[in-house]
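Please look over the sequence and the model shown below before reading on.

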Amino acid sequence: MAYIDDSWSSDNRVFALACYVAPQEHWNELCHRWSELLMSGHEPVSEFKTSHCRNGAGEFKGWSPEQRKDMMTRAVDLVVGSDQLDIKGFAFAFAADAEVPPGIMRDWERVAFQFCALQMLLTTTISAAVAADDGVSVQVCLDRKDGFSGDADKIFEQLTNAVPCSIVLRWGDSKTDHPLQIADLLAHETAKEAGERIAVSPRSVSVALKRLVEGRLHIASCCYFHDFLSHLIRNGLGSSGQPLPDLPYLFRTGKEWRSDDQWPKKQWGTVS
């Protein structure tokens, strides 16, 4: 079973999709522990939304920085802290090299979603199919995103013949599907890290992301496009016809953080 959620960087220059894949019985155990987490903080919350926990918004409004940090730490603990749970993390990010003008924000969102959804669905369905027994149906659950369900349905339909088992796509709600909240944790930290790679003065890797990646198998890539926004303004959505460049790893369990071959200034693709 694969659960996929999305996140944006604070300046909307980076979009990320992240996914966790695990057998259903392992999700059942993790969801039980997650329910207990939601009730165990400064105040009970109905949903762990990582950006809210990070910034003191939503249900985390009024919490002290120490209380929010403790909740974040324990959320990461649940993902990485049990060797008995077979759970793997995957993520893809799509980054612009400049601030996105409001006039093309909708096109930018659609391109970013289409790209990340294609990469993510291909990766997660193959990963889940390999782990499944013959004849077993693999379920992929995406957090519903207004205006983009048709894009994902079309992409998913194209992939159903590429994997060796039956694949079922369903749309979920992060308010009630706890695994989507766990995927949101990885998506938020992935978008944040991709944004730091293009910052003038990047900060260090977040402790939460380092613990996730170093504590359990995680793989992420990011597509950085030079002058992509100018291309959108000139030519509109979907007019490039250009193949995507090879994607550098954003992070990968067991690999050095922010090595030279991962740095975006050496990896920008070009859209003419």
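At roughly what angle do the axes of helix α3 and helix α6 cross? In this predicted model, the axes of α3 (residues 65-80) and α6 (residues 178-197) cross at roughly 110° and come within 11 Å. Because angles of 65 to 115 degrees count as roughly perpendicular, α3 is described as roughly perpendicular to α6.

**Crossing of α3 and α6**

- The crossing in which α3 passes α6 is left-handed.
- On the α3 side, the contact is made by M72, A75, V76 and V79.
- On the α6 side, I182, L185 and E189 make the contact.
- By class, six residues of this contact between α3 and α6 are nonpolar, one is charged and none is polar.

**The largest pocket**

- The volume of the largest pocket is about 410 Å³.
- Its lining consists of 18 residues, and those nearest the centre of the pocket are S9, S10, K192, E196 and R203.
- Two or more lining residues come from each of the elements β1 (2-8), α2 (50-55) and α6.
- With five residues, α6 gives the most to the lining of the largest pocket.
- The lining of the largest pocket divides into seven polar, six charged and five nonpolar residues.

Technical notes. Residues numbered from 1 in each chain as written. Predicted model: local features only at pLDDT ≥ 70, side-chain atom pairs only at ≥ 80, totals over all residues. Heavy atoms only, no water. Axes fitted to C-alpha atoms, helices over the stretch in contact; angles between N-to-C directions. Helix = DSSP H or I, 4+ residues; strand = E, 2+ residues; numbered from the N terminus. Parallel < 35°, antiparallel > 145°, perpendicular 65-115°, else oblique. Left-handed = near helix turned anticlockwise from the far one by under 90°. Contact = heavy atoms within 4.5 Å. Nonpolar A, V, L, I, M, F, W, Y, C, P; charged D, E, K, R; others polar. 1 Å grid on protein atoms, 1.4 Å probe; cavity = no way out; pocket = protein on both sides within 12 Å on 5 of 7 lines; lining within 4 Å. Points joined across faces, edges and corners; volume = space filled by probe spheres on them.
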